[in-house]
Amino acid sequence: MKRNREEEMEIVWQTPANPPEARDYIFRDGIRYVRPYYFEFICHVKNRWAGKTIVDMFAEEFKGRPYDYYVSAVKSGRIQVDGEMVPVSYIVQPSQKISHFLHRHEPPVMAWEVAILQKESDVLTVYKPASVPVHPCGQYRKNTVVGILQAEHGLASLFPVHRLDRLVSGLLILARSASKADDFRQQIESGKVQKQYIAKVVGEFPEDEQIVKVNVNYNAREGRSTVEVESVGKDGTPLKGKAACTKFTRLSTNGTHSIVLCKPITGRTHQIRVHLQYTGHPIANDMLYLSEVLTDRSTKGLGADRAAAAQLAHSLHSSADEEFSGSGENSKEDFSIDPMCTNCPDLAPKGYDGHEEGLWLHCVRYTGPNWTYECPYPDWASLD
C-alpha cells in the first residue's frame with residue numbers, strides 16, 4: 001500500500017497483512033535485527049483518553065517518543081484521526097480510529113535458529129530459542145517465532161498451543177488449524193496435559209522431591225510475581241494471588257548449581273520462576289527474581305526482565321545507558337534513514353542493544369492423551 005505523505009519521497013506503508021520475508025532480517029555479531037520498515041499502527045480512542053488533545057494523548061499514553069515528535073507527526077499527517085489530518089489542538093473522542101504511520105524499529109533477538117522438531121499435517125513443534133517472543137506483541141512483529149517461521153520456511157496460519165515466555169527456550173507446539181488448536185486448548189483446560197521444564201538454579205537443591213503449593217500474584221505494573229503463603233492479609237482482606245502448585249526434582253548438582261526438573265501443575269505467570277525463588281534456589285541467571293528489590297521500569301519504558309538486567313548493569317558499571325544505548329555499529333547502508341524517526345540511524349530501538357542472555361529455563365516435554373512432544377536439552381543443562 002503506497003501513500004504519498006512526504007513531499008520528498010514516496011513511502012510504502014506496511015500493515016499486519018504484509019507477511020514477513022527472509023530479506024527483512026539483518027544478522028550481525030550473533031544478533032538478528034529487523035530491517036526498519038514503515039508501518040501503520042491503528043488504535044481506537046479509549047474513554048479515559050477522550051477530551052485530550054491528540055498530541056497530549058500520545059505524549060501521555062505512548063511515552064517512547066518525545067513530545068516534539070508527536071507535534072511534528074500530527075502536522076505532517078503521520079498521525080491521523082479517522083483517516084484525516086487534524087490540527088495539534090484536536091480533541092479526541094471515544095472510539096475514534098487513530099492511525100500512526102511510523103518508521104518501525106523492532107527490538108533485536110539472538111540469532112539462534114528456530115529449529116523444526118516435528119512436522120505433521122496438523123501439528124508443528126519447534127525448538128524456540130530464548131529471547132524470541134512466540135507471536136506478535138508490543139514492539140515485536142517480524143522478530144517472533146511465528147514471523148520467522150513464515151519468513152524462512154513459508155509456514156503460515158500457525159496457532160501457538162501454549163505460552164512460552166520470551167526469555168524461555170525449548171519446546172513450542174503450534175497447531176496448523178484453528179480446530180486443532182481448540183482441541184489442544186480443551187485438553188489443557190481439562191487438566192489432561194502434563195508439562196515439564198528444566199532449570200539451572202542457585203545452590204544444592206534438595207535431593208527429595210519438593211512440592212510448592214503457594215499462591216502466585218502477578219503484578220502487571222511491576223512485571224513480576226510474588227508468592228502469598230497465607231489466605232488473607234494482615235488486615236483480614238482476601239489476597240489476590242491465584243492457587244499454584246509446582247513439583248521439583250533434582251536431576252544433578254555440583255554444589256554451586258543444580259539442574260532441576262520442574263512440573264507445573266497450574267499455569268500462573270512466572271510460576272516456576274517465583275516458586276524456585278520461594279524454595280531459596282532461584283534460577284541462577286534470573287535477574288528479576290534473584291533480587292528482592294523492585295525494578296524501576298519507568299525511566300526507560302523497558303520490560304521487567306530487561307529493566308532488571310539494566311539495573312544490574314548499572315551496579316556493575318558507572319552508567320546503564322552505556323550498556324543499553326542501542327547498537328553503535330549500525331549503519332545506514334542496510335536501510336533507509338527516515339528524517340522524522342527517533343531511532344535512526346540505529347537498527348535497534350532505544351533501550352535495546354540485542355546482547356541478552358536467555359533464562360536458564362527450558363521446556364522439555366508436553367504430554368497429553370496418546371501424544372508426547374519433546375525437545376533436546378540445552379548446553380547449559382550439563383554441569384560437567
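We start with the sheet and then turn to the helices.

Mentor: Bear in mind that this is a predicted model, where local features need pLDDT of at least 70, side-chain atom pairs count only at pLDDT 80 or more, and totals for chains, interfaces and linings use all residues. Residues are numbered from 1 along each chain as its sequence is written, and side-chain values use heavy atoms, with hydrogens and water left out.

Trainee: In what order do the strands of the open sheet come?

Mentor: The order is β5-β7-β6, with antiparallel pairing. Strands are DSSP runs of E, at least two residues, and helices are runs of H or I, at least four, numbered from the N terminus. Two strands pair if DSSP finds at least two bridges between them.

Trainee: Which are the edge strands?

Mentor: β5 (37-44) and β6 (79-81), each pairing on one side only.

Trainee: How many bridges join β5 to β7?

Mentor: Eight, with β7 covering residues 97-104. His 44, for one, has Lys 97 in β7 as its bridge partner.

Trainee: Helices now. At what angle do the axes of α1 and α2 cross?

Mentor: Roughly 140°, and the axes come within 9 Å. Axes are lines fitted to C-alpha atoms, for helices over the stretch in contact, and angles run from 0 to 180 degrees between N-to-C directions. So α1 is oblique to α2, as angles under 35 degrees count as roughly parallel, over 145 as roughly antiparallel, 65 to 115 as roughly perpendicular and the rest as oblique.

Trainee: Which residues of α2 meet α1?

Mentor: Tyr 67, Tyr 70, Val 71 and Val 74, with contact meaning heavy atoms within 4.5 Å. From α1 come Ile 54, Val 55, Asp 56, Phe 58 and Ala 59.
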